[in-house]
Amino acid sequence: MNVTVLVEYLNSTIRVSVPIILVAIGVCYSERGGVYAMGSEGYMLISAFVSVVTMIYTNNHFISVLAGILSGMLVAGIFSYFTVILGADQVICGLGINFVMLGLTSSLQRLLWGVTGIPRIPVMNAVEIPVLSKIPLIGSMLFNQPIPIYLTYLLIPLVWWIMFRSTWGLQLRAVGENPSCADTLGISVRKTRILGIITGGAFCGLSGAVLSLSQVQTFTENISGGRGWFGLIAATFGGWNPLGATGAGLIFGAAESLQLRLQIMSKINISSYVILMIPYLVALLFILFIGKSRRHPAAMGKFYKKY
Amino acid sequence: MDDKKDIYLEMRHITKRFANVIANDDVSLTVKKGEIHALLGENGAGKSTLMNMLYGLVKRDEGEILWKGKPVSIQSPAEAINVGIGMIHQHFQLVEKFTVLENIILGRREGKFIELPLEEAEKKIQALSENYGLDIKTKAIVENLPVGEQQKVEIVKALYRESDLLIMDEPTAVLTPQEVRKLFKILNRLREEGKSIIFISHKLPEVLELCDSISIMRDGKMIRTLPNSPDLDSRLLASYMVGRDINLQVEKKTCVPGDVVLSLEHACAEPVFESCGVKDISLELRRGEILGMAGVDGNGQEDLSELIMGLRKLKSGKITILGQDISNYSTKQIREMPIGYIPADRNHAALVLDFSLQLNMAINHPDKKPYGSKWRLNHKEIARITKEKMKQFRVAASGSGELAGNLSGGNQQKVVLAREVGEPVDLIIAVYPTRGLDIDATHFVFDTMLKARDEGAAVLYISTELEEIMALSDRIGVLNEGTLMGIMPREEAEVEKIGLLMAGEQVV
């Protein structure tokens with residue numbers, strides 16, 4: 001493998017990883033508060049759709065990304081109403097969200113644009129950061145990317161700080177570990193959880209917007225293709241720590257990116273189906289390894305009933 | 001002394017109804033500055049409801065609360081904390097995976113989204129520690145701390161919020177005698193500093209030793225409040241609690257041990273979940289004796305009993321009952337021997353709450369005569385036996401068809417006793433048999449155990465209540481972390497010595 005290929009590979013790894021990392025961070029928010037983030041795939045899908053549609057009408061990347069984030073938050077808000085207020089089963093409800101969002105986005109797409117599909121939208125150009133991008137290897141890998149990716153760089157440490165150094169982060173983690181303890185201290189379990197879920201929805205929304213606007217440049221049916229689930233696994237593998245989740249997200253990204261490279265290389269004589277399997281196999285391995293080693297937040301999945 | 005400004009708390013004419021039950025009926029309580037005020041009462045007397053209303057966890061229907069002379073609403077714990085009331089629950093409200101420091105600063109009201117005040121809190125905690133003689137390590141993870149230390153964290157947590165009144169719900173229930181001494185020292189120090197404490201307990205000697213005033217509740221009513229004085233004794237307080245004169249003494253015949261019924265040789269079992277397992281326990285239990293097993297909750301009591309009953313796999317060693325090696329027996333096989341088993345968890349392991357008393361009575365051997373055969377239950381016969389045993393064990397219920405879940409704790413335990421020791425048995429394994437019971441039901445359990453022993457049964461009596469162990473046992477063993485720290489005859493057992501063993505210290 002020569003250097004150009006390697007640089008290209010690393011660059012694409014980052015690009016492919018970012019949506020997964022963003023979802024993983026979103027999952028951290030929801031699950032640290034004690035609520036399974038099963039609906040992350042659904043939040044991604046609605047946001048990918050909404051941001052592309054907004055882009056077509058406004059031709060403004062900033063507004064489109066914002067619209068995507070808001071749609072993710074809205075759907076997460078609905079999920080939080082069912083699970084945190086009404087006490088619906090978190091897993092079933094999350095799966096329901098995913099199916100409804102898949103159906104909704106697919107049919108709206110057909111309804112609005114028929115079989116021709118959504119038109120392609122303008123490229124979100126990479127912005128080269130002077131000086132930094134000249135660092136060999138790492139420079140073009142990290143610092144020659146579209147803006148949302150730089151935003152992600154900034155978000156990761158910020159999210160870590162909020163989770164582990166802010167008062168709200170401490171309260172969120174307490175609610176996920178021992179809600180009745182938080183309750184006796186006058187912390188509202190419901191409000192804290194709902195805020196955690198909706199923040200998670202915002203990150204999944206950002207992820208969906210980045211995926212459709214800067215990578216696929218259109219909306220296709222089931223565009224997220226399991227990235228929401230990858231994010232869920234990455235968060236678990238990273239121990240619900242944004243930094244760990246980022247690491248795990250990078251591994252997924254590397255596998256996905258490898259899969260894309262291998263498909264292009266015509267010389268390799270392996271069935272494309274096998275190549276397509278690579279990221280999923282990595283996910284499977286992850287699940288095998290985390291089977292026992294991760295201790296999830298103690299109150300995860302449990303409805304907290306207030307008397 | 002009776003100056004108005006010395007009064008911290010006044011609860012006036014508080015009433016609370018749950019559905020049709022009046023949990024608190026026109027209850028009033030006054031707590032002065034710098035006093036330790038005992039709140040006494042049996043289970044279900046309304047103590048917890050009253051305190052939960054004071055802390056804002058339960059909303060009151062009627063009545064008012066005055067704090068330092070001013071009326072306060074207190075509709076939520078946040079409001080209670082704000083006026084200066086702190087509560088330490090019987091089950092500690094700590095986040096186990098957090099550090100001590102994180103637990104203490106959790107729930108700070110001001111500055112919601114801002115940075116955690118780690119350094120500033122550290123200093124404040126240090127000052128509190130020195131002032132009140134609490135020595136706590138702020139960096140430790142709570143789940144790694146012993147219970148006594150966790151309790152100190154709870155106290156600091158309340159002090160950090162500048163509480164002037166601490167509500168402590170059964171604070172000594174989980175402590176060794178030595179830890180109780182340390183706690184009392186801390187509480188005395190708090191009193192000197194002008195803090196008030198409401199001390200909820202049912203342990204009368206502790207109340208008499210520590211408290212300045214004593215309020216007694218019964219059936220949701222405040223019976224009386226009296227200042228502590230040397231004239232008071234446990235018997236008098238107990239009679240106020242129950243509403244009539246009662247005898248707290250346990251009358252016991254001399255022990256005549258017979259042949260060995262149960263023997264464990266180097267028995268080991270793996271821990272499950274958070275338990276500590278059984279570590280190399282050897283003991284012998286004879287006919288006609290009660291072996292009391294003391295220890296702080298969670299030191300292998302349930303592991304040991306479940307191991308004997310075949311509910312856990314024996315990792316190594318040997319267990320013999322009535323001469324048979326039962327090491328590889330299933331629970332069903334062990335159940336076919338004449339053994340009575342009173343499990344720790346009455347609501348889940350001992351009874352099916354949604355079943356009638358009849359079915360609960362037949363549940364051990366539904367396929368055996370007289371309860372039924374392989375194919376059908378003999379409902380008539382089961383009903384007859386149930387009614388007979390209900391009379392014999394004085395179970396108060398509407399009939400044998402009543403659901404077990406509708407009975408009071410005491411009556412439920414009587415049903416369990418009727419089933420397990422209603423027929424003559426050779427061995428009784430009883431785990432926490434008096435937990436949550438009132439004084440009457442507790443004494444019924446004692447009498448049943450002593451009667452079985454006098455009739456030749458061997459009794460393994462596992463309890464966290466040291467007083468009970470001392471009253472009933474012929475020999476006393478102590479469990480710590482799944483290890484049997486020692487066994488001694490009752491005559492040689494001193495509270496101090498047992499306390500040290502409970503804490504895991506070797507005593508020569």
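How many helices and how many strands does chain A have?

## Secondary structure of chain A

In this predicted model, chain A has twelve helices and two strands. Read from the N terminus on, the elements follow the order α-α-α-α-β-α-β-α-α-α-α-α-α-α, an order in which a helix stands between the two strands.

## Overall dimensions and packing

The C-alpha trace of chain A spans about 65 × 45 × 40 Å along its principal axes. Because a compact globule with 307 residues would have a radius of gyration near 19 Å, the value of 19 Å for chain A agrees with that expectation.

Of the 307 residues in chain A, 48% are buried, a class that requires 20 or more other C-beta atoms within 10 Å of the residue's own. When the contacts in chain A between residues at least 6 apart in sequence are considered, 76% of them join residues that are at least 24 apart.

## The contact between chains A and B

The contact between the two chains draws on 17 residues from chain A and 20 residues from chain B. On the side of chain A that touches chain B, α7 (167–177) and α8 (179–184) of chain A each supply at least two residues, and α7(A) gives the most, with six residues.

Sorted by class, this side of chain A comprises seven nonpolar, seven polar and three charged residues.

Conventions:
Residues numbered from 1 in each chain as written. Chains lettered and ligands numbered in written order. Predicted model: local features only at pLDDT ≥ 70, side-chain atom pairs only at ≥ 80, totals over all residues. Contact = placed C-beta atoms within 7 Å. Helix = DSSP H or I, 4+ residues; strand = E, 2+ residues; numbered from the N terminus. Nonpolar A, V, L, I, M, F, W, Y, C, P; charged D, E, K, R; others polar. Rg over C-alpha atoms; globule rule 2.2 N^0.38 Å. Buried ≥ 20, exposed ≤ 12 C-beta atoms within 10 Å, placed from the backbone.
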